[in-house]
Structures are given as C-alpha cells and as structure tokens.
Amino acid sequence: MSSREGILGAIRRGLKRGPLPADQRAMLDGRLATHPRHLIPARSRVPRAEQIALFVRNVEKEFGTIERVPDAASVPAAVADYLAAQNLEPRFVMAPHPELTELPWSERPMLAFETRRARADDAVSVQHAWAAVAETGTLLFPSDPTRPTTLNLLPETEIAVIRASAIVGAYEEAWDRLRAERAGAEPSGGFMPRNIMFVTGPSRSADIEQTLELGAHGPRRLHVVLVEDEPAARTILSEIADPRPEAAREPVARPGEIANPAD
C-alpha cells in the first residue's frame with residue numbers, strides 16, 4: 001500500500017465509509033479533469049493596455065512601488081537606481097533564473113550579488129515573477145529550483161522582475177497558463193510545483209489596534225520592475241481612465257494610519 005492509499009484509507013475509516021460509489025467517483029474525476037472556472041471579476045475584462053495599467057495601479061494601492069523599463073537589458077540599471085534611492089547597499093541575493101542571470105549585470109559593476117536561496121541576514125532579494133494578476137496586483141511565484149521561495153520571505157526588501165506579457169487579467173487565466181505549461185499536471189499525470197506563493201504588496205498586518213505595520217511576516221518593501229515587452233505595455237497611464245469607483249481608488253489605510261473597521 002502506498003502512503004497516499006494509507007492516508008486516504010485512514011480518512012475513509014474516520015468518516016465511516018468505504019470507497020466512493022462509481023457514479024460519484026465519475027463525477028469527481030470529471031470535475032478534476034475539466035477544471036471548472038469560477039467567477040471572473042468584470043474589472044479584469046478590459047483591453048490589454050488597461051489590464052496592464054490596472055496591475056500597476058493595484059501594486060501601488062497595496063503599498064508596493066513599480067518602475068517600467070523598455071526592455072530586459074534595462075533591469076540592472078533599474079535595480080541599481082532603486083537601491084540608491086532607498087539608501088540601501090548595492091548588494092543582493094538573486095534567483096538563479098535564466099531570465100535574470102543572463103541580464104547585463106556587468107554594466108553595473110558596483111552591484112554585488114549571489115545567485116542562491118535567501119538567508120536570514122540577506123537584506124535585499126531580486127526575484128523572478130512567473131506571472132501577475134491585474135485584478136488584484138498580485139505576483140505569482142511557483143516554487144522552483146530557479147525561483148527559491150525564501151527570496152519572498154527573508155529579505156526586508158524584495159525586488160520582483162516581471163514581463164508585461166506575463167500579466168493576466170484574472171486568477172483563472174493564471175491557472176490556465178500554469179496547466180498549459182505543465183502539460184496537464186496532477187491529477188492528469190504531469191507535474192505541478194510544490195507550492196505557489198501569491199504576493200500582493202509588501203508583508204503587512206493590522207492585528208494590533210488596527211495600526212498597519214509593514215514587514216510583519218516578510219519583506220517591508222516590494223518593488224516591481226515591469227519589463228515592457230509588448231506594445232500594450234507602453235501606453236501612457238494617464239491615457240487610461242481608472243474604471244473603479246472613486247471610493248475604491250485609495251487604500252484602506254496608509255502606513256501608520258488606522259484602518260477603517262467597516263472595510
């Protein structure tokens with residue numbers, strides 16, 4: 001008996017029932033195979049340029065910062081400029097992902113970095129974002145040897161590099177893309193990542209007296225470098241109207257302010 005069968009057998013005994021009847025098993029297998037889609041918010045059903053602009057607005061709404069660069073070769077300069085602006089050392093730990101390691105870092109000789117997973121004493125990380133969701137400004141990080149999850153947790157400052165072409169409108173579209181890339185992963189026979197981290201802005205909490213504290217459980221700063229690798233990404237933000245109601249355009253609370261309990 002495999003470990004999986006042993007665990008499922010223990011659950012069945014606890015529920016005081018045996019294997020599922022054939023009709024229920026067929027219904028369950030059909031649902032797992034077809035991946036039924038859930039509700040998709042209307043705010044993400046907009047033209048491509050507006051989707052990208054929506055992602056940018058939501059990153060900023062959630063206390064993150066973002067810089068748009070025209071191509072991947074501009075990333076090292078963007079990282080160097082951000083570290084200087086934040087008065088941080090030009091030193092960081094970086095994900096060993098090919099899209100990052102192949103960048104022209106030598107053009108910025110003052111930058112010092114190592115490609116590895118993070119340690120407790122690392123102050124800054126540069127991470128590769130696999131995808132992003134416009135409807136909430138969320139970055140997705142499937143676990144991978146070239147994308148260590150510790151880079152999202154241990155350093156106080158996280159810099160995430162994302163291509164505009166990797167931004168999707170809604171979460172369902174991100175799952176569609178992951179299944180397509182993984183060739184129909186479990187339970188269909190393929191391979192899925194051990195976990196997927198969803199990162200929406202820097203870590204924060206308002207558990208104590210509803211006072212917002214950044215860096216509560218992870219990075220205090222989240223900076224996104226957006227590579228404009230498709231024409232829609234180069235639309236000037238001011239040319240796109242914000243489709244949200246006025247009341248929804250501002251964060252619930254800013255750092256140090258008390259959140260509204262009604263929100």
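Leu15 sits in helix α1, which covers residues 3-15. I start there, and a reminder before going on: what we have on screen is a predicted model.

Is Leu15 buried or exposed? Leu15 is exposed, because its relative accessible area is 53% and the cut-off for exposed is over 50%. Leu15 is also part of a nonpolar patch on the surface, together with Ile7, Leu8 and Ile11. The accessible area of these four residues together is about 360 Å².

As for the helix itself, α1 has 13 residues. From its first C-alpha to its last, α1 reaches 19 Å, and that is close to the 18 Å expected at 1.5 Å a residue. Lys16 follows α1 and has a positive phi, near 60°.

Now the chain as a whole. The chain holds six helices and 12 strands. It has 263 residues, and 41% of them count as buried. The accessible surface comes to about 14,600 Å², with 55% of that belonging to carbon and sulfur atoms. If we take the contacts with a separation of 6 or more, 71% of them are between residues 24 or more positions apart.

Next, helix α4, residues 75-85. Which of its residues are buried? They are Val75, Pro76, Ala78, Val79, Ala80, Tyr82 and Leu83. These buried residues pack against five strands, namely β1 (65-69), β2 (91-94), β4 (124-128), β7 (157-163) and β12 (221-227). Just after α4 comes Asn87, with a positive phi of about 60°.

One of those strands, β7, contains Glu158. Glu158 is buried, yet this residue has no salt bridge. How far away is the nearest side chain of opposite charge? That side chain is Arg147, and the distance is 9.3 Å. What Glu158 does have is a set of contacts beyond its neighbours within four places in sequence. Among them are Ser125, Gln127, Phe141 and Asn152, and also Arg221, Leu222 and His223.

Last, a loop residue. Met192 lies in the loop between α6 (171-181) and β9 (196-199). Met192 counts as partly exposed because its relative accessibility is 23%, and the buried class needs under 20%. Glu181 is 11 residues from Met192 along the chain, and the C-alpha atoms of the two are 9.7 Å apart.

Technical notes
Residues numbered from 1 in each chain as written. Predicted model: local features only at pLDDT ≥ 70, side-chain atom pairs only at ≥ 80, totals over all residues. Heavy atoms only, no water. Buried < 20%, exposed > 50% of the residue type's maximum accessible area, 1.4 Å probe, protein only. Helix = DSSP H or I, 4+ residues; strand = E, 2+ residues; numbered from the N terminus. Contact = heavy atoms within 4.5 Å. Lys, Arg positive; Asp, Glu negative; His and termini not counted. Patch = residues over 30% accessible without salt bridge, like charges linked within 9 Å, V, L, I, M, F, W, Y side chains within 5 Å. Areas by Shrake-Rupley, 256 points an atom, 1.4 Å probe, with all protein chains shown as cover. Expected span 1.5 Å × (residues − 1).
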